[in-house]
Amino acid sequence: MLALIGTVPDKDFPLVSGSVALKGGSLSLDGREISVNRGTPALIAATCVACKGLGLSTPLCFVVGDEGLGKGSRRLYAYLKDQLPATDVQVVTFHYLQPDVDWHNRVLLALEEKGQLPLLIADAGYMYAAKMSGFASCYDLFTPDLGELSFLADEMAPHPFYTRGFILHEEGNVPDLIKRAFEGENAAKTLLIKGSKDYICTKEKILGTVDTPHVPALEPIGGTGDTLTGIVAALTYAGYPVAEAATIAARVNRLAGALANPTPATQVADVVKKIPEALESVLEEIVKDGDGACAAKKYA
Amino acid sequence: MTFKLFKRKEKTTPLTKGKSPDRGFLAFANTSEVIKAESLIKEKGWRVRVMGPPPELRTGCDLVIEFPLVEQLNILRLLEENKLTPLEVVPVDDPLLKPVDLFKTTDYGQYLMVRAANMKLTIDKETLQIVNVSGGGCPDVPYLGAILVGKDLQEAPPPREVGHTLCGYALQLAYEEIKRQCSL
């Protein structure tokens with residue numbers, strides 16, 4: 001089972017867990033409709049279409065309303081601590097939750113007490129909490145963008161807002177930021193760094209990069225990072241090793257973006273619609289090429 | 001609390017060594033303001049405590065309020081509404097840290113994007129309409145996106161008025177920078 005965990009921007013949305021269905025432009029969860037836009041709804045939508053394309057069961061979602069006050073997030077943390085270890089989850093993706101180190105640690109401890117941890121992916125606010133907790137290396141994958149990578153690289157920063165200025169948030173500086181993040185033990189076992197060039201790396205080395213198709217208009221579109229995380233979650237659930245799943249996901253997300261023919265004003269729902277076609281195309285290419293490494297550029 | 005399977009790195013051990021990586025300090029001009037602020041914040045349900053300040057913050061008052069750092073924007077708005085302005089707002093673990101002040105601007109021809117820390121704001125240069133909000137990780141980011149996207153930059157509420165977290169605060173900086181670049 002694949003679990004997706006996050007929030008929706010509606011303070012009145014109750015805490016809900018269950019399977020989700022994607023109908024047109026919205027998600028249906030426990031009889032409630034959620035608009036697919038940026039954030040966790042975009043992650044869920046992308047994961048759903050990717051799971052369908054891979055012939056997998058739909059993900060189990062844990063969602064609550066939270067507009068940023070943190071009340072919904074804390075209810076969800078408490079629920080996860082009690083309920084998540086009892087589920088048969090193999091992959092868990094944590095997403096937009098109010099960063100809270102204490103609650104993060106309680107959830108991680110509850111999972112750890114069950115025995116072997118499931119494969120853990122963290123993005124957005126949960127990734128911030130995981131970094132601050134000192135337990136980043138318990139996670140299998142983080143999916144930061146460049147600003148968030150700078151935060152991981154700054155061992156002092158409690159949030160990206162406080163990343164120190166001398167840690168340059170520039171594309172050309174990515175290898176140094178990666179090195180700092182791993183040396184400070186503020187990175188997961190694998191990082192998928194989202195940017196004009198996507199990097200897939202472990203503590204040992206940068207495994208590869210993906211930079212085609214190059215679609216600059218994707219960066220301003222809110223939710224394109226969320227769709228990438230959703231696709232990689234589905235691929236790991238399908239059994240792909242994490243780094244390979246990250247490489248395939250980067251290619252699929254870029255291709256879906258290109259197929260949507262976007263401008264900076266495009267909304268992410270238009271990208272989600274193209275994921276099935278992009279996933280099929282990339283997987284066909286991999287089979288055709290017989291390339292187990294998924295055609296990521298090897299990093300020199 | 002100890003973890004059996006995995007080792008936590010040495011430098012951040014909030015549960016075992018009293019470190020507080022996700023907490024901040026509010027420093028005020030006098031004790032009276034500290035007491036008023038503490039009451040106000042507690043009334044709204046936040047978990048805060050009054051403490052002695054670290055050496056870096058010993059500027060006037062001998063007390064500070066420790067608060068959840070990520071909710072800085074929301075707490076500052078509450079204080080401002082009640083005419084209480086802290087002298088300083090800083091992270092507990094390193095009071096010398098300052099908010100990010102670097103901006104990255106990308107010109108897409110018809111569109112302009114400004115990034116501040118982890119938040120990006122994009123407008124249509126001709127109409128000044130906000131066309132996208134991206135980046136960030138706190139739960140008010142999707143909420144801010146829903147409120148701001150489609151609005152005219154001059155009429156949209158500033159993110160600090162409707163956001164709640166440090167991501168909302170970073171978006172405010174991007175908003176101010178893009179307005180500055182558009183001479184608004």
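## Chain A: contacts and overall form

In chain A of this predicted model, 71% of the contacts between residues at least 6 apart in sequence join residues at least 24 apart. Of the 300 residues of chain A, 60% count as buried. A residue is counted as buried here if 20 or more other C-beta atoms lie within 10 Å of its own.

Taken along the principal axes, the C-alpha atoms of chain A fill a box of roughly 45 × 45 × 40 Å.

## Chain A: the sheet and its helices

Chain A has ten helices and eleven strands. An open sheet of eleven strands runs in the order β4-β3-β2-β5-β1-β6-β7-β8-β9-β10-β11 (chain A), and its pairing is mixed. At the edges stand β4 and β11 of chain A, each of which pairs on one side only. Strands of a sheet pair through backbone hydrogen bonds, either parallel or antiparallel. One parallel pair is made by strand β1 (residues 2-8) and strand β5 (residues 60-65) of chain A, joined over six bridges. Within this pair, G6(A) stands opposite V63(A) in β5(A).

Which strands does helix α1 (residues 40-53) of chain A lie across? The helix lies across β1, β2 (16-23), β3, β4 and β5 of chain A, and it runs at about 155° to β1(A). Another helix, α8(A), lies across β8 (141-142), β9 (190-193), β10 (198-202) and β11 of chain A. Its direction is at about 15° to β11(A).

## Chain A: backbone details in loops

T212(A) and P213(A) are joined by a cis peptide bond, with omega about -15°. P213(A) is placed in the loop between β11 (206-210) and α7 (224-237) of chain A.

D30(A) is not a glycine, yet it has a positive phi of about 55°. This residue is found in the loop between β3 (26-29) and β4 (32-35) of chain A. Is D30(A) exposed or partly exposed? D30(A) counts as partly exposed because it has 13 C-beta neighbours inside 10 Å, and a residue must have 12 or fewer to count as exposed. N261(A), also a residue other than glycine, has a positive phi near 45°. Its place is the loop between α8 (242-259) and α9 (268-272) of chain A. With 11 other C-beta atoms within 10 Å, N261(A) is exposed.

## Chain B: layout and sheet

Chain B contains six helices and eight strands. Along the sequence they follow the pattern α-β-α-β-β-α-β-β-β-β-β-α-α-α. Of its 184 residues, 45% count as buried. Among contacts in chain B with a separation of 6 or more, 56% are between residues 24 or more positions apart.

Four strands of chain B form an open sheet with antiparallel pairing, in the order β5-β6-β7-β8. β5 (103-107) and β8 (130-135) of chain B are at the edges and have a single partner strand each, so one side of each is left without a neighbour in the sheet. On average, neighbouring strands of this sheet are turned by 15° against each other, direction ignored. R115(B) stands opposite K120(B) in β7(B).

## Where the two chains meet

How many residues of chain B are in contact with chain A? There are 57, and they touch 52 residues of chain A. On chain B, the elements giving two or more residues to this side are α1 (14-17), β6, β7, β8, α4 (140-148) and α6 (166-181). The largest share, six residues, comes from α4(B). By class, the side of chain B that touches chain A has 29 nonpolar, 14 polar and 14 charged residues.

## Confidence

For the complex, the predictor gives an ipTM of 0.90 and a pTM of 0.88. Chain B has a mean pLDDT of 84, and 86% of its residues reach 70 or more. The pLDDT is below 50 over residues 1-5 of chain B, a stretch with eight contacts beyond near neighbours in sequence. It is also below 50 over residues 10-18 of chain B, where there are 14 such contacts. Where pLDDT is low, the predicted coordinates should not be read in detail.

Note on methods
Residues are numbered from 1 along each chain as its sequence is written. Chains are lettered from A and ligands numbered from 1 in the order in which they are written. This is a predicted model: local features need pLDDT of at least 70, side-chain atom pairs count only at pLDDT 80 or more; totals for chains, interfaces and linings use all residues. Two residues are in contact if their C-beta atoms, placed from the backbone, lie within 7 Å. Two strands pair if DSSP finds at least two bridges between them. Axes are lines fitted to C-alpha atoms, for helices over the stretch in contact, and angles run from 0 to 180 degrees between N-to-C directions. pLDDT is the predictor's confidence in each residue, from 0 to 100. Ala, Val, Leu, Ile, Met, Phe, Trp, Tyr, Cys and Pro count as nonpolar, Asp, Glu, Lys and Arg as charged, and the others, Gly among them, as polar.
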